[in-house]
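Biologist: Please put the structure up, and then we can go through it one question at a time.

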Amino acid sequence: MRSLVALKPWRPAAFSPSRLLPLIPLLLAAFLPFSLAAQATAQPPASADPVVALVGRLDLEKYKATIKGLTQFGDRRQGTDRNRAAVDWIEAQLKSYGCPTERIKYVYDPPPPTPGGGRGRGNTDLAVGGGRPRGIRTPTGVNNDPMEQPNEKLRQLNMQPTTPGPREEVYCTKVGTTRPDEMYIVGGHMDGHGWGEAANDDGSGTALVMELARVFSSPDVQTERTIRFALWNNEETGLNGARAYVEQRQALQGKEDPPGSRRYPEPKWLGMIQHDMMMFDHGMPRADGTISPEQRPEADVNIEFQSNSKMAAGSQALAWTLHAANAKYATDYPAAVGPHMTNTDSTPFMDIVPAISVRENERGVQIGSGWDPQWHQPTDLYTTYSDKDFRLGLNAAQTTLGAVATLTGATLKK
Ligand SMILES: [Zn+2]
């Protein structure tokens, strides 16, 4: 714009719209490359892009309210009444959004603990998932001590112990108009532990999935392909809820039932996008082991695929699709792609279909090195987080919503 001003000196007193007329060819020339690029990829102008309108329906206060709603059930540990009450509450919310729900039922019977603490990582300097840790590292673990929770009311709420037995988890589905037989799965895990409120792990991911279900289920939204919103249970015990889903439903993919009905109880899986711990990216621990109290300005949304999986190529492509959607639709924070997805509900899918996880940090080398001091701790409370933290989760929601809307051909009915 500076060169335009130089060509035609700016004199406010003499301004009239007609004085701009000679500039029109210059303006056209300046914007022509953009319009050509847009035509080349067949993208409508931003004003006509329905995805912009859909992403605009996400809202920080709504996202926060959904996280707050989940924290009323404490840490939502699997195999407890508070976990079952949370499943009921999530289902009621999804139904109220107009998203029809179903449940997966399975039994969780954990093996007795292995003497000696179980399997190690072998003789390697690599983090779980395959990344190489750098810099300052602090210890991590799961808090099992109720007395570490200073809030007596919350301690009481979390007191009932887990018992083995039947489990349930809920999902809801937006059926596609022209390709009801194909779907993307958008997941988060609703269980937690550690004697806090599991606000970030994984209230933040669960709320993200629920918010996407709300936006896509609006009566004026159509998608060509199907989307399933899944709130896995038993993630913290070894991805048991997601594994149960894969075991029970993998073989049902793409089958029309009843024949000729155009109904597909389990559409063919096109991809699985998991969300876990979406809010806290305050950087590496300092030399004294403390963490910055503020969200770092460089905070980003980490999208991971697993390079050692059968579907690595497709998973990587899906990751870059989210990366591009972030650049286009997310308001505040950028995205980064990495190859070390691990310890997440997309793992049971990753040798079958493209599967990725979306997080506040890389799971192996960053969270595993102590970048999130609330992880599985009594401090994972709604009140721990500031709007800058909640906003990182909202930006992840904008990222996934933008990508999934594009992938499923979302439009708004006129
Ligand atoms: Zn988690």
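Biologist: How many Å apart are the end C-alpha atoms of helix 7?

Modeller: This is a predicted model in which local features need pLDDT of at least 70, side-chain atom pairs count only at pLDDT 80 or more, and totals for chains, interfaces and linings use all residues. Residues are numbered from 1 along each chain as its sequence is written, and side-chain values use heavy atoms, with hydrogens and water left out. Helices (H or I, at least four residues) and strands (E, at least two) are DSSP runs, numbered from the N terminus, and the expected span of a helix is 1.5 Å times one less than its number of residues. Helix 7 has 18 residues and should therefore span 26 Å; its end C-alpha atoms agree with that, at a separation of 24 Å.

Biologist: How many residues of helix 7 are buried?

Modeller: Buried means under 20% relative accessible area, exposed means over 50%, and partly exposed is in between (1.4 Å probe, protein chains only). Helix 7 is mostly covered, and its buried residues number 18 of 18.

Biologist: Is the peptide bond from Asp201 to Asp202 cis or trans?

Modeller: Asp202 belongs to helix 7. Most peptide bonds are trans. From Asp201 to Asp202, however, omega is near 10°, and the bond is cis.

Biologist: Where does the model have pLDDT under 50?

Modeller: pLDDT is the predictor's confidence in each residue, from 0 to 100. The chain averages 90, and 86% of the residues score at least 70. Where pLDDT is low, the predicted coordinates should not be read in detail. The stretches under 50 include residues 24-40 and residues 117-122.

Biologist: How many residues of helix 10 are buried?

Modeller: Helix 10 covers residues 387-407, and its 21 residues should span 30 Å, which agrees with the 30 Å between its end C-alpha atoms. Gly409, with a positive phi near 65°, follows helix 10. Helix 10 is mostly covered, with a buried count of 16 of its 21 residues.

Biologist: Which residues does Gln374 touch?

Modeller: Gln374 sits in the loop between strand 9 (355-359) and helix 10. Its relative accessibility is 10%, so Gln374 counts as buried. Contact means heavy atoms within 4.5 Å. Leaving out residues up to four places away in sequence, Gln374 touches Phe280, Thr379, Asp380, Thr384 and Tyr385.

Biologist: What is the distance between the C-alpha atoms of Val52 and Leu401?

Modeller: Val52 is in helix 3 (residues 50-55) and is partly exposed, with a relative accessible area of 40%. Val52 and Leu401 are 349 residues apart along the chain, and their C-alpha atoms are separated by 9.9 Å.

Biologist: What is the phi of Arg262?

Modeller: Arg262 lies in the loop between helix 8 and strand 6, and its relative accessible area of 47% makes Arg262 partly exposed. Most residues other than glycine have a negative phi. Arg262 is a residue other than glycine with a positive value, near 60°.
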